[in-house]
Amino acid sequence: MLTVILGAAGVLLAHRRRRALAKTALGAAIACLIVAIVLVVARRYYLDHLPPQVQSEAAAAAIFDHLLHFLRVTLRTVIVLGVVVALGAYLVGPGRMARGVRAASERTADSAARWADTHDVHTGRVGTWTADHRRWLTIGILLVLALLFALWNHPTVLTVLLLVLVLLVVLALIALVAATGRRTRTAGHPAPAEPGSGR
């Protein structure tokens, strides 16, 4: 926990927070990968140097694996989480590939919004509000998922992948609703009247 707090403080105090976040995440992933490799080597060394009175190598291996089970799960989880966070930090940056990915996703959302418009499917004020507050909505969902991960009891690699999937689905939904809102605004579609407004 102290390591996480220090890492977060370092990122917040850094001049380039996005780059610091990516480096911190990758550093944590690499460190855990090194520890995982050391554990594999230590396991092999332990089994190759069992005392003569130990008659079952399989039993000794089972005991070793049982004692280090949660550590191995934690290492794998941090490795995957570090790679995911570093990749996310890169994709929001100014890199050519990152810009290309964002542009492709925006074109896809705009195409879906055009299809919805031709079929008289409009999001009205919800769409325009989402387009105006998209940045804060994105930050909000990131904070909610980060809190959910922090409160998750014994998170695993599947936990990380599930939260990433949820994040991608929600971001795609936000992008789609925002695109319909932008199209509603540029096309001049009137927003639906509120009940009781008399219009």
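Q: Start with F64. Is it buried or exposed?
A: F64 is buried, at 15% relative accessible area. Buried means under 20%, exposed means over 50%, and partly exposed is in between (1.4 Å probe, protein chains only). This is a predicted model: local features need pLDDT of at least 70, side-chain atom pairs count only at pLDDT 80 or more, and totals for chains, interfaces and linings use all residues. Residues are numbered from 1 along each chain as its sequence is written, and side-chain values use heavy atoms, with hydrogens and water left out.

Q: How many aromatic pairs are there?
A: The structure holds one. Rings of Phe, Tyr and Trp (its six-membered ring) pair if their centres lie within 6.5 Å; planes under 30 degrees apart count as stacked, over 60 as edge-to-face and the rest as tilted. Y46 and F64 have ring centres 5.4 Å apart and planes at 25°, so they are stacked.

Q: What is the span of α2?
A: α2 has 32 residues and reaches 46 Å from its first C-alpha to its last. That is close to the 46 Å expected at 1.5 Å a residue. The expected span is 1.5 Å times one less than the number of residues.

Q: Which of its residues are buried?
A: In α2 they are A20, A22, A25, A29, C32, L39 and L47.

Q: On to charges. How many salt bridges?
A: The count is eight. The rule: a side-chain nitrogen of Lys or Arg within 4 Å of a carboxyl oxygen of Asp or Glu.

Q: Which partner does D65 have?
A: D65 meets R43 in a salt bridge, at 2.8 Å from N to O. D65 lies in α3 and R43 in α2, so the pair ties together parts 22 residues apart in sequence. D65 is partly exposed at 24%, and R43 is partly exposed at 23%.

Q: What about R44?
A: R44 forms a salt bridge with D48, at 3.0 Å from N to O. D48 and R44 are four residues apart in helix α2, about one helical turn. R44 also forms a salt bridge with E57, whose closest N and O atoms are 3.4 Å apart. E57 is in α3 and R44 in α2, 13 residues apart. R44 is partly exposed at 40%, and E57 is partly exposed at 43%.

Q: Which residues form a salt-bridge network?
A: E106, D110, R134 and R182 are linked in one.

Q: What does D110 touch, beyond its sequence neighbours?
A: Leaving aside neighbours within four places in sequence, D110 is in contact with A179 and R182. Contact means heavy atoms within 4.5 Å. D110 and A179 are 69 residues apart in sequence, yet 5.5 Å apart in space, C-alpha to C-alpha. D110 lies in helix α5 (residues 96-118) and is partly exposed at 27%.

Q: Which residues of α5 are buried?
A: A98, A109, A113, A116 and D117. Just after α5, D120 takes a positive phi of about 55°.

Q: New topic: which residues make up the largest nonpolar core?
A: I141, L145, F149, V160, L163 and L167, six residues in all. A nonpolar core is a set of buried Ala, Val, Leu, Ile, Met, Phe, Trp, Tyr and Cys residues joined through side-chain atoms within 4.5 Å. Helices α7 (134-151) and α8 (157-187) each supply at least two residues of this core. Apart from this core lies another, of five residues, among them C32, F64, L68 and L75.

Q: Last one. Which residues of α6 are buried?
A: In helix α6 (residues 124-132) they are G124, G127, T128 and T130. Seen down the axis of α6, they fall within an arc of 160°, so they line one face of the helix. The arc is that of the directions from the helix axis to the C-beta atoms.
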